[in-house]
Amino acid sequence: MYSGWNVYRRLLGYVKTAKTAFVLALLGNIVYAAASALMAPAMKVVFAAIETPSADYRIMVPLLIIGVFALRGLGSFLGAYYMANVARVIVHTMRTQLFDKMTRLPCSFYDANSTGHLVSRLTFTVEQVAGAATRAVTVVIRQGFTVIGLVGYMFYENWRLTLVFLAVGPIIGVVVGYVTKRFRRLSRRIQNSMGDVTHVASEAFNGYRVMRTFGGEHHEINRFNDASQRNVEQNLKLSLTQAISTPVIQILVALAIAVLVWLALAPQVLQGMTPGAFVAFIVAASTCAKPVRDLSEINAIIQKGIAASQDAFTQLQEPDEADTGTFRVDRSQGEIRIEKLSFTYPGANQPVLSDINLTINAGETVAFVGRSGSGKSTITSLIPRFYDYSEGEIYLDAVPLKDYSLGSLRQQISLVTQQVTLFNDTVTNNIAYGGLAGADPKEVREVAAAADALGFIEKLEKGFDTQLGDNGVLLSGGQRQRLAIARALLKDAPVLILDEATSALDTHAERSIQAALERLMEGRTTIVIAHRLSTIEKADKIVVLDQGHIVEMGTHAELMAKNGAYSALHRLQFAEGDAL
Ligand SMILES: Nc1ncnc2c1ncn2[C@@H]1O[C@H](COP(=O)(O)OP(=O)(O)OP(=O)(O)O)[C@@H](O)[C@H]1O
Ligand SMILES: [Mg+2]
């Protein structure tokens with residue numbers, strides 16, 4: 001965890017990108033502070049003018065008043081506007097850095113962090129940092145310099161009395177120190193509870209239908225209520241600490257001023273000072289009260305900012321997805337060899353795959369079958385290296401996967417998974433996504449036709465230009481799958497992975513795609529996972545998995561003849577099929 005001081009140093013790094021604005025803001029705040037502190041000596045001049053009125057004073061005093069306020073106004077403008085600039089730069093830089101980082105973090109990071117917390121980090125947490133950067137820096141510099149200026153003037157007038165006044169400093173220090181620690185702890189809890197709020201809300205929005213049909217409204221309302229309530233409690237605790245600490249510090253300052261006045265009124269002290277100097281001195285001392293209060297109040301914002309920065313920096317420090325391989329290939333042959341592979345998910349204690357040995361020749365189609373949870377999808381997510389295996393090895397064209405650069409490796413793979421992801425964009429842009437962007441519209445049309453998607457796309461209001469809505473809500477499950485297949489077709493990669501790619505299609509649609517898929521599989525290494533065994537009978541090799549082990553391997557005919565696990569699965573499904 002970053003200490004407060006390190007956080008400042010790192011934040012300063014962000015400020016560098018807005019150096020000019022920051023310098024202007026600092027200058028503005030210093031001018032503001034100087035003008036504020038000048039008010040006390042100005043009082044001395046006013047007093048002198050009252051005691052010995054003259055024509056000169058009549059001109060000078062009003063000019064002095066205007067001058068001091070004009071200076072303060074200029075300082076205030078520069079400080080406020082340019083500091084806001086700095087804050088926005090920090091928010092923008094930090095937010096884009098966090099987002100960039102999110103695109104580079106490994107799958108295991110996403111398994112461990114909820115979307116709600118990640119979103120809240122990009123919105124709420126980053127704003128806390130900005131708050132600390134603008135309001136806090138402004139107040140610290142303005143009021144800090146004001147106090148320094150005032151105390152400096154007091155020293156000039158009467159250093160002994162000033163020392164008495166400053167004796168209250170250490171006591172204030174102790175109070176602020178205690179409050180600071182508490183603020184930071186509470187701020188961290190506020191951040192987490194904000195993450196919880198976003199998390200519960202996004203879950204409820206995504207699971208809208210489940211919530212409605214299973215009568216989960218009450219449960220979700222309670223969950224949301226609890227999360228929001230926790231947020232309220234932590235915020236109130238913070239406010240309470242702040243509300244108590246401010247008057248306590250105020251009273252300490254008042255006590256110091258009281259002692260000061262008591263001492264100052266002693267005849268021997270009074271004799272040494274003019275009435276004007278005395279009043280200016282007391283004005284300076286009591287003017288200190290407001291900046292000191294502001295400084296103690298801003299502490300809450302600073303601590304929120306530090307806790308928020310710590311959170312953001314921790315994510316920025318997460319290790320990237322390992323990408324140390326340098327091997328690049330334009331188009332691989334597509335031979336995949338898996339040797340003695342075992343795999344355990346990060347944080348799990350049971351291996352999901354054990355001792356897998358399998359060779360898939362270039363251009364072959366291999367089907368994985370097996371019960372739910374037997375590890376079929378896991379194997380397919382190891383090939384694009386979504387997770388890193390530690391035991392055994394997978395080779396693509398005889399080169400270990402880890403030796404490939406991630407970009408080059410993933411370029412070789414087209415993937416259609418169990419969960420189709422569509423973006424809120426046009427049909428065309430969903431098919432020609434990412435590296436495929438800008439593809440020839442004619443080609444997009446061809447792949448859509450091959451994926452049996454042309455029919456429904458043309459019926460959409462704007463055809464290929466129709467916006468699909470959040471994750472393609474406007475489409476049926478089967479239509480979504482056909483778009484995903486079209487996307488994979490367009491990519492035209494040497495390795496094709498179809499994980500239940502046609503599970504949402506009816507038998508009729510599946511058949512019409514089947515022909516297209518078979519054409520696609522030609523000359524390509526294909527891994528198919530399908531629940532409907534009828535779709536994989538033609539595979540060159542069928543691999544039966546059970547609890548992470550390969551229990552059988554062979555062609556459909558061989559495995560049927562063997563009368564083992566596969567033929568049992570087959571019989572079962574046909575019995576089911578009869579029942580349907
Ligand atoms: N991200 C993950 N973190 C930890 N464990 C996981 C993760 N994903 C899957 N598992 C576990 O790994 C095992 C195998 O999952 P996998 O998704 O590979 O099964 P599958 O054969 O594809 O099943 P299905 O036919 O239901 O899709 C399961 O027991 C599951 O609990
Ligand atoms: Mg699966």
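Reply: The largest nonpolar core in this predicted model has 46 residues, and Ile431, Ile457 and Leu483 are those with the most contacts inside it. Several elements each give two or more residues to this core: the strands β3 (365-370), β7 (495-499) and β9 (541-546), together with the helices α15 (427-431), α16 (441-450), α17 (454-459), α18 (477-491) and α19 (507-521). Helix α18 supplies the largest share, seven residues.

Setting aside its neighbours within four places in sequence, Ile457 is in contact with Val427, Ile431, Ala448, Gly463, Phe464 and Leu483. Apart from this core lies another one, of 34 residues, and Val15, Met83, Val126 and Ile301 are among them.

Now move over to ligand 1. Of the 14 residues around ligand 1, the nearest are Ser372, Gly373, Lys376, Ser377 and Thr378. Helix α13 (residues 376-382) gives the largest share of this shell, three residues. Sorted by class, the shell has eight polar, three charged and three nonpolar residues.

A polar side-chain atom of Thr378 lies 2.4 Å from an oxygen atom of ligand 1. For Gly373, a backbone N or O atom is 2.8 Å from an oxygen atom of the ligand, and for Ser374 a polar backbone atom lies 3.2 Å from a ligand oxygen atom. On its own, ligand 1 has 640 Å² of accessible area, and the protein covers 63% of that.

Definitions and conventions: Residues numbered from 1 in each chain as written. Chains lettered and ligands numbered in written order. Predicted model: local features only at pLDDT ≥ 70, side-chain atom pairs only at ≥ 80, totals over all residues. Heavy atoms only, no water. Near = heavy atom within 4 Å. Polar contact = N/O pair within 3.5 Å; in protein donor to acceptor, adjacent residues only side chain to side chain. Areas by Shrake-Rupley, 256 points an atom, 1.4 Å probe, with all protein chains shown as cover. Helix = DSSP H or I, 4+ residues; strand = E, 2+ residues; numbered from the N terminus. Nonpolar A, V, L, I, M, F, W, Y, C, P; charged D, E, K, R; others polar. Core = buried A, V, L, I, M, F, W, Y, C linked by side-chain atoms within 4.5 Å. Buried < 20%, exposed > 50% of the residue type's maximum accessible area, 1.4 Å probe, protein only. Contact = heavy atoms within 4.5 Å.
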